[in-house]
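This report walks through selected local features of one model. Please keep the sequence and the coordinates at hand while reading.

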Amino acid sequence: MPSPLLTHLLQSLHTVAMLVEARDAYTGGHLWRVSQFARLLAEDAGLDEHETARVALGGFMHDFGKVGIPDAILNKPDKLDEAEWAIMQRHPGIGEKMIAQHPLAPLIRGAIAWHHERPDGRGYPYQLSDEAIPVEARIVALADAFDAMTSNRPYRKGMPIAAALAEIERNLGTQFDREWGERLLQLGRAGRLHHIVGHSEPGIPLQNCPSCGPTVALTRRARSGDRAWCPACHGELRVLGRDGDWLLSATGRKLPFQAPVVDEELVGDFSRSISAGLNLRIIEAIGIPI
Ligand SMILES: [Fe+2]
């Protein structure tokens, strides 16, 4: 029986993680997708239920430190200059410090602090290498990079799955962990990642803005007639169709600002599933007072 207190703590953590996603609206669904890729890798490798839940949780929380990066850098549409890049590279360390006093910090510290480390020691911010990088960080690093490659960005289109996998294959052992990378290649080439790529929730693909492509994350509560908004071109859209078979049509209006919302249903479901997987005896043993 999952602990209600643990579920609530997870819910608070996930809500906070969504603040980061809300600041970078173009990447709608990124945290969900990274956590799903990470969970699939952990399950496929036979990690136990507790470790699998911890890895999935790490996938959702990994970029928490971006909350401390200025908007002008986080949302800059062009390449970052050297000084900006140096600031961006501090986000894992910022997240690690900011989360340190949270009761669940021991579960997520690794994914937050070390998800940009590389096996060849050329990652950031700590330049750890190989086995010195904890398993959750190695898995999340791969999941994060794979999602970045297969997602659209304001300045480029996402790669097809096969091209992203080939890129990972080329960088096994240097940028990406070899063992976990090979597992991702197997899963991807067997078609087991397709239901996550380009989706923002289970069964819900990112929807096409008529001018920008698949940029719009609708929730399960979407209904025909709703208004939506493209985070890339800021165009207002109307939701047409029914039961998830949506079509977006442009109203012609531009809305420079749209208030971000937290998808409470997604956060609730996700928190309950992580809570059910975590082992309370281990949680207590590492000093988390549940
Ligand atoms: Fe990151």
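This is a predicted model: local features need pLDDT of at least 70, side-chain atom pairs count only at pLDDT 80 or more; totals for chains, interfaces and linings use all residues.

The sections below take up a helix pair, a glutamate, an aromatic pair, a loop contact and some backbone geometry.

## Basis of the description

Residues are numbered from 1 along each chain as its sequence is written, and side-chain values use heavy atoms, with hydrogens and water left out.

Helices (H or I, at least four residues) and strands (E, at least two) are DSSP runs, numbered from the N terminus.

## Helices H3 and H11

Helix H3 (residues 49–61) and helix H11 (residues 264–277) have axes that come within 8 Å and cross at roughly 145°, where axes are lines fitted to C-alpha atoms, for helices over the stretch in contact, and angles run from 0 to 180 degrees between N-to-C directions. The crossing of H3 with H11 is left-handed, a term that applies if the near helix is turned anticlockwise from the far one by less than a right angle, with right-handed used if clockwise.

From H3, the residues Glu-49, His-50, Ala-53, Ala-56, Leu-57 and Phe-60 meet Phe-270, Ile-274, Ala-276 and Gly-277 of H11, contact being heavy atoms within 4.5 Å. These residues divide into 7 nonpolar, 2 polar and 1 charged, on a scheme in which Ala, Val, Leu, Ile, Met, Phe, Trp, Tyr, Cys and Pro count as nonpolar, Asp, Glu, Lys and Arg as charged, and the others, Gly among them, as polar.

## Glu-236 in strand E6

Glu-236 belongs to strand E6 (residues 235–242) and, at 5% relative accessibility, counts as buried; buried means under 20% relative accessible area, exposed over 50%, and partly exposed in between (1.4 Å probe, protein chains only). Its side chain makes polar contacts with the side chain of Arg-227 at 3.2 Å and with the side chain of Thr-251 at 2.7 Å. A polar contact is a pair of N or O atoms within 3.5 Å; within protein, one must be able to donate a hydrogen and the other to accept it, and residues adjacent in sequence count only if both atoms are side-chain atoms.

Not counting residues up to four places away in sequence, the residues that Glu-236 touches include Ala-228, Ser-249, Gly-252 and Leu-255.

## Trp-85 and Tyr-124

The whole structure holds 3 aromatic pairs, counted where rings of Phe, Tyr and Trp (its six-membered ring) have centres within 6.5 Å, with planes under 30 degrees apart stacked, over 60 edge-to-face and the rest tilted. One of them, Trp-85 with Tyr-124, is edge-to-face, at 5.8 Å centre to centre and 75° between the planes. Because Trp-85 lies in helix H5 (residues 82–88) and Tyr-124 in the loop between helix H7 (105–114) and helix H8 (135–150), the pair ties together parts that are 39 residues apart in sequence.

Trp-85 is partly exposed, at 39% relative accessible area, whereas Tyr-124 is buried, at 11%.

## Loop contact and backbone geometry

Gly-173, in the loop between helix H9 (161–170) and helix H10 (178–189), has its C-alpha atom 6.0 Å from that of Pro-119, 54 residues apart along the chain.

Most residues other than glycine have a negative phi, and most peptide bonds are trans. The peptide bond from Tyr-124 to Pro-125 is cis, with omega near 0°, while Asp-130 has a positive phi of about 40° and His-234 one near 65°.
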